[in-house]
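Here are my notes on the model you sent. They go point by point, with the conventions given where they are needed.

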Amino acid sequence: MTDAADEHRITVTVNGEPHAVEVEPRLLLVHLLREGLRLTGTHIGCDTTNCGACTVLYDGTPVKSCTMLAVQADGHEITTVEGLGSLSELDPVQEGFTIEHGLQCGFCTPGMMLTAKALITNNPNPSEEDVRWGLSGNLCRCTGYQNIVKAVLWAAAKQHGHVAETNGQGTTVSGRT
Amino acid sequence: MYPPRLRYVAPKSLDEAFAVMAEYGDDAKVLAGGQSLVPMLKLRFASPAVLVDINGLSDLAYHRAESDGSLRIGALCRHVDLERSALLPGRYPTMAAAAPQVADPIVRNRGTVVGSLCHADPQGDWASVLLALNGQVVVAGKDGRRTISVADFVVGPFQNSLAAGEIAVEASVPAAKGTPYGSYLKLERRVGDFATVGVAVAIETSGLQISRAGIALTGVGPNTIQAIEAEQALIGQALEPDVIARAAGLAAGAARPRSDHRGSAEYKRHVVETFVRRALSSYRLAVPA
């Protein structure tokens, strides 16, 4: 059985702000974020490591927060959708999702945007193929992928100051072979 | 879903980890990438007394080619490290082909090659790849180290041959003696799903003759399957259509697929044959001058 000695005192920086919290080892990172810190922008989708709705950035790298323990975040930096931008100053990714209508129900959107943020930071000028490949771990049940891809290409262009290549009808689908 | 109640230790050194492992024996579980282990905990398929988190042991985060041509992969080498590695293409073609096909991009950011071998899921990709390449696993404990062939390490579905208290610290691929060619072909319903069928092919050639062949199958039996007869049918042969067809047929014969929601047994066997033929037919052997 767990006793008090099994609680771990951790310090985790979330969206730039350090938090010192006591966690039971079995607490998942997503539960610390949502229930401990009340940051409910991180969604729980499948809870089985399939859907990517719970994606957050762990030291800048996308991870599924339902598949990590909170205690593993000790000494690390987490970015959730709340830390991506603000209402007065949207991140280029958030702006892209707005302009290109990159969401329908919105449930997958926080995870999509954080994966997209890491993607365009590592690859400033992604092709449509790069975006589709890079987002392949984030599922959209509305199947609104076309506009999500457009939104990410728009964001890459905005963030890096170049213009996304579109054909006027949005980007062209090219299937992966 | 919550994991069961457990203790958590994050050792600062392997020796510290061995001490905890020795104390808890079979009740300890090593946490590396956690991309299989955490879901297993949540589903209560695993309920260890303690997790030994080795993520702080940054000495294990490596992959490197040794001067003898072998490839060594530390226990904290993540799938993404191999996916992005400039070391693999050309020299280790089967590894290079498999790395981008494991799970999905987010899982590849955390999951490890060695952890995947330890998990020993018959639908896991790395066991087939390492089996086809005659790979090995280095395991260590407080009493020392031993090296086990992947064939002897992955002993059954979700079973490895680690003794209580041991930690798998490295996987390795021996140097190719000939010119290496290789593929990992995977059929999946969508990115991130387990393989309906996966086929790892690794051959080496000397001139136009095949000097070594490895073929292993993912997801078409209770275990990862090494298609030994298909391998033997290639040794000493040139990559002629009849040789390829024979090897492909023998590999399909080695498969033990079951019909399920991913496809019928007959279909999966057919895909094995197609993949082996497709892989072997894709190699353009360098003609000796």
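1. Helix α10 (residues 241–254) and helix α11 (residues 265–281) of chain B cross at roughly 145 degrees, and their axes come within 8 Å. Axes are lines fitted to C-alpha atoms, for helices over the stretch in contact, and angles run from 0 to 180 degrees between N-to-C directions. Helices (H or I, at least four residues) and strands (E, at least two) are DSSP runs, numbered from the N terminus. The crossing of α10(B) and α11(B) is right-handed. A crossing is right-handed if the near helix is turned clockwise from the far one by less than a right angle, and left-handed if anticlockwise.

2. Which residues make this contact of α10(B) and α11(B)? From α10(B) come B:Ile244, B:Ala247, B:Ala248, B:Gly249, B:Ala251, B:Ala252 and B:Gly253. From α11(B) come B:Arg269, B:Val272, B:Glu273, B:Val276, B:Arg277, B:Leu280 and B:Ser281. Contact means heavy atoms within 4.5 Å. By class, eight residues are nonpolar, three polar and three charged. Here Ala, Val, Leu, Ile, Met, Phe, Trp, Tyr, Cys and Pro count as nonpolar, Asp, Glu, Lys and Arg as charged, and the others, Gly among them, as polar.

3. A word on the basis of these values. This is a predicted model, in which local features need pLDDT of at least 70 and side-chain atom pairs count only at pLDDT 80 or more, while totals for chains, interfaces and linings use all residues. Residues are numbered from 1 along each chain as its sequence is written, chains are lettered from A and ligands numbered from 1 in the order in which they are written, and side-chain values use heavy atoms, with hydrogens and water left out.

4. Helix α11(B) also lies across a sheet, over β11, β12 and β13 of chain B, at about 30 degrees to β12(B). That open sheet has four strands in the order β11-β12-β13-β14, with antiparallel pairing. Strands pair if DSSP finds at least two bridges between them. At the edges are β11 (179–187) and β14 (225–226) of chain B, each pairing on one side only. Strand β13 (residues 209–218) of chain B is joined to β14(B) by two bridges. There, B:Leu217 has B:Ile225 as its bridge partner. Helix α7 (residues 125–132) of chain B lies across β11, β12, β13 and β14 of chain B, and runs at about 160 degrees to β13(B).

5. Chain B has a second open sheet to check: five strands, order β4-β5-β10-β6-β7, antiparallel pairing. Strands β4 (63–65) and β7 (144–149) of chain B each have a single partner strand, so one side of each is left without a neighbour in the sheet. From one strand to the next, the twist averages 20 degrees. Strands β5 (residues 71–74) and β10 (residues 167–173) of chain B pair over four bridges. In that pair, B:Arg72 stands opposite B:Ser172. Helix α1 (residues 14–24) of chain B packs on this sheet and touches β6, β7 and β10 of chain B. The direction of α1(B) makes about 125 degrees with that of β10(B).

6. How is chain B divided? There is domain 1 (7–53), domain 2 (58–173) and domain 3 (179–286). These bounds come from an automatic or database domain assignment. The C-alpha centres of domain 2 and domain 3 of chain B are 20 Å apart. Across that boundary, 26 residues of domain 2 are in contact with 28 residues of domain 3.

7. Chain A is divided into domain 1 (4–83) and domain 2 (92–166). Their C-alpha centres lie 23 Å apart. Domain 1 of chain A gives 17 residues to the contact, and domain 2 of chain A gives twelve.

8. Strands β1 (residues 8–14) and β2 (residues 17–23) of chain A run antiparallel, joined by seven bridges. A:Arg9 stands opposite A:Glu22. Their hairpin has two residues between the strands, and A:Asn15 takes a positive phi near 50 degrees. Strand β1(A) also runs parallel to β5 (residues 77–79) of chain A, with two bridges. A:Thr13 has A:Glu77 as its bridge partner.
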